Amino acid sequence: MRQIAVYLRGFTIFVTGIVVGTVLISPGAAQDAGKGGLRLNHVGIAVKDFQESLNFYTKVMGFRVAYALPSPDGKPTTTFLQINRDTFLEMAPASANLPVGITHVGILTDDANGTVTQLRQAGATMPDVRSGGGTGSRLSNVMDPNGIRLEIVEQPSGSLMRKAMESWK
C-alpha cells in the first residue's frame, strides 16, 4: 500500500509540474530561451515527386501553403508550408544538384547581423548576411561539423514568412 502512495504522490507532483509549466511558460517563450534567442524556424527538404509531396503535406498532414517562389517556366518551385505560426517546411523539387532528403535547417533570429557576429566570435566560419531575394528575408549559412547546413535567417517586417506568421489564426 505504501508503494502505491509513493507512486501517486510522484505522479501528482509530475502532473502539477506539467500544468504549472504550461500556464507559466508560453511555447514561444520556451523557444526563445537559447543562445541569442535562436529558434527553429523551418526545415528544407528536396522531394522526388513535387505534386505527390504537396498533396501529402497539405491533404494528409494538414499544412497550409504559406507561399511559393515564382518559377519563370511554370514548373514546381520552392514552396513554404506552414505547420504552425512560427514553423515551416521548405519544399523544393529534387534535381541533380539537389538530391532527395533534408537540405538544411532554418534557425530564426531577430538580428541576423548580430547573430552572425556572435557565432563568428564563438568560432563559426560563415559569410556576411545577404538578402533572401524576393522573400524579403535576410540570411547567412553555417555548416555544422557533420556537413549539415544551418541557415541563420531573420524575417523582417514585410517579408513573406513574417506576413504568413502574422496571418496565422
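Buried residues are those under 20% relative accessible area, exposed ones are over 50%, and partly exposed ones lie in between (1.4 Å probe, protein chains only). By this criterion, buried residues make up 32% of the 169 residues in the protein chain. The model is predicted, so that local features need pLDDT of at least 70 and side-chain atom pairs count only at pLDDT 80 or more, while totals for chains, interfaces and linings use all residues. Residues are numbered from 1 along each chain as its sequence is written, and side-chain values use heavy atoms, without hydrogens and water.

**View 1. The open sheet of 8 strands.** The strand order is S2-S3-S4-S1-S5-S8-S7-S6, with mixed pairing; strands (E, at least two residues) are DSSP runs numbered from the N terminus, as are helices (H or I, at least four), and two strands pair if DSSP finds at least two bridges between them. Strand S2 (64-68) and S6 stand at the edges with a single partner strand each, so one side of each lacks a neighbour in the sheet.

**View 2. Pairing of strands S5 and S8.** Strand S5 (residues 101-109) runs parallel to strand S8 (residues 149-154), the two pairing over 5 bridges, and Ile107 has Ile152 in S8 as its bridge partner.

**View 3. Surroundings of Ser137.** Ser137 lies in the loop between strand S6 (130-131) and strand S7 (138-143) and is buried, with a relative accessible area of 6%. Leaving aside neighbours within four places in sequence, residues in contact with Ser137 include Arg130, Val153, Glu154 and Ser159, where contact means heavy atoms within 4.5 Å.
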